[in-house]
Amino acid sequence: MINEKEMQAYYQEIAPRLTNYLVSDGTNYEQACDIVQESFIRVWQHRDKLSDKDSISGLVFRIAKNIRIDNFRKYRKEVLVDEYEDSVVPTVEESHENSSADMQYLRSCIDKALNSLNKDLRTCYTLYNVGEMPIKDIAELLGISESLVKVRIHRAKLFLAEKLQYLRDQGDF
């Protein structure tokens, strides 16, 4: 059974990675924070059922994934409004005026590239690189083999490199 001090240590280690993963996979920041908190609350409520072999990281990510799916099902009939105005993404000329605009523009290019990945590749890539999950935990979470996780991460990296090179060649950044 996990004690309060151990749970705090797990939270400090896992929560930032999980939040980053959720945000990079399309959840807004506030919802991601709510999902992370709810995930840890559920783990805490069932801490007496956990064995020493349980991967807390994998369990929290799995719970968060299920909460996000439940939230999607609950709210899928609502019309979602795009949070970003067209003016938020600067043009090429504006992006070179200062470094924060450059970083914002570069981030938008990376977001475009990530969003153009198919869901399976994007999920494996973001869990591994943004969520910093081990390949074994990703495989367990998604119910696929470790080899398939590695293949998907590799394919995602190749695709992203090609997409970003294309954007660079087109003068988009």
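**Buried Arg-68 has a relative accessible area of 18%.** The model shown in this and the following views is predicted, and for this reason local features are taken at pLDDT of at least 70 and side-chain atom pairs at pLDDT 80 or more, whereas totals for chains, interfaces and linings use all residues. Residues are numbered from 1 along each chain as its sequence is written, and side-chain values use heavy atoms, with hydrogens and water left out. Arg-68 sits in helix α3, which spans residues 56-75, and the term buried stands for under 20% relative accessible area, as against over 50% for exposed and the range in between for partly exposed (1.4 Å probe, protein chains only). Apart from residues up to four places away in sequence, Arg-68 touches Tyr-21, Leu-22, Asp-25, Thr-27 and Ile-35, a contact being heavy atoms within 4.5 Å.

**The chain, shown whole for orientation, has eight helices and zero strands.** Followed from the N terminus, its elements run α-α-α-α-α-α-α-α, where helices (H or I, at least four residues) and strands (E, at least two) are DSSP runs numbered from the N terminus. Of the 173 residues in the chain, 33% are buried. When contacts between residues at least 6 apart in sequence are considered, 64% of them join residues at least 24 apart.

**Helices α1 and α2 come within 9 Å of each other, axis to axis.** The two axes, of α1 (residues 4-24) and α2 (residues 29-45), cross at roughly 145 degrees, with axes fitted to C-alpha atoms over the stretch in contact and angles between N-to-C directions running from 0 to 180 degrees. On the α1 side the contact includes Met-7, Tyr-10, Tyr-11, Ile-14 and Leu-18, and among the residues that α2 brings to it are Ile-35, Val-36, Phe-40, Val-43 and Trp-44. The residues of this contact divide into 16 nonpolar, two polar and one charged; here Ala, Val, Leu, Ile, Met, Phe, Trp, Tyr, Cys and Pro count as nonpolar, Asp, Glu, Lys and Arg as charged, and the others, Gly among them, as polar.

**Arg-17 of helix α1 is buried, with a relative accessible area of 10%.** Leaving out residues up to four places away in sequence, Arg-17 touches Ser-57, Phe-61, Val-130, Gly-131, Glu-132 and Met-133.

**Val-130, in the loop between α6 and α7, is partly exposed at a relative accessible area of 23%.** With residues up to four places away in sequence not counted, Val-130 touches Arg-17, Asn-20, Tyr-21, Ser-24 and Tyr-125. Val-130 and Thr-19 stand 111 residues apart in sequence, yet 9.2 Å separates their C-alpha atoms. Asn-129, in helix α6, is likewise partly exposed, with 33% relative accessibility, and from Asn-129 to Asn-20, 109 residues apart in sequence, the C-alpha to C-alpha distance is 9.8 Å.

**The second largest pocket has a volume of about 160 Å³.** Its lining consists of Ser-24, Arg-107, Ile-110, Leu-114, Tyr-125, Val-130, Lys-157, Leu-160 and Leu-164, and α5 (99-115) and α8 (146-169) are the elements that give two or more residues to that lining. By class, the lining has six nonpolar, one polar and two charged residues. A pocket is an open set of points on a 1 Å grid over the protein atoms alone, where a 1.4 Å probe fits and protein lies on both sides within 12 Å along at least five of seven lines, and lining residues have an atom within 4 Å of a point; the volume is the space filled by probe spheres set on the points. Between Ile-110 and Leu-167, 57 residues apart along the chain, the C-alpha separation is 9.7 Å.

**Arg-152 in helix α8 is buried, with a relative accessible area of 16%.** Neighbours within four places in sequence aside, Arg-152 is in contact with Asp-120, Leu-121, Cys-124 and Ile-144. For Arg-152 and Cys-124, which are 28 residues apart along the chain, the C-alpha atoms are separated by 6.4 Å.
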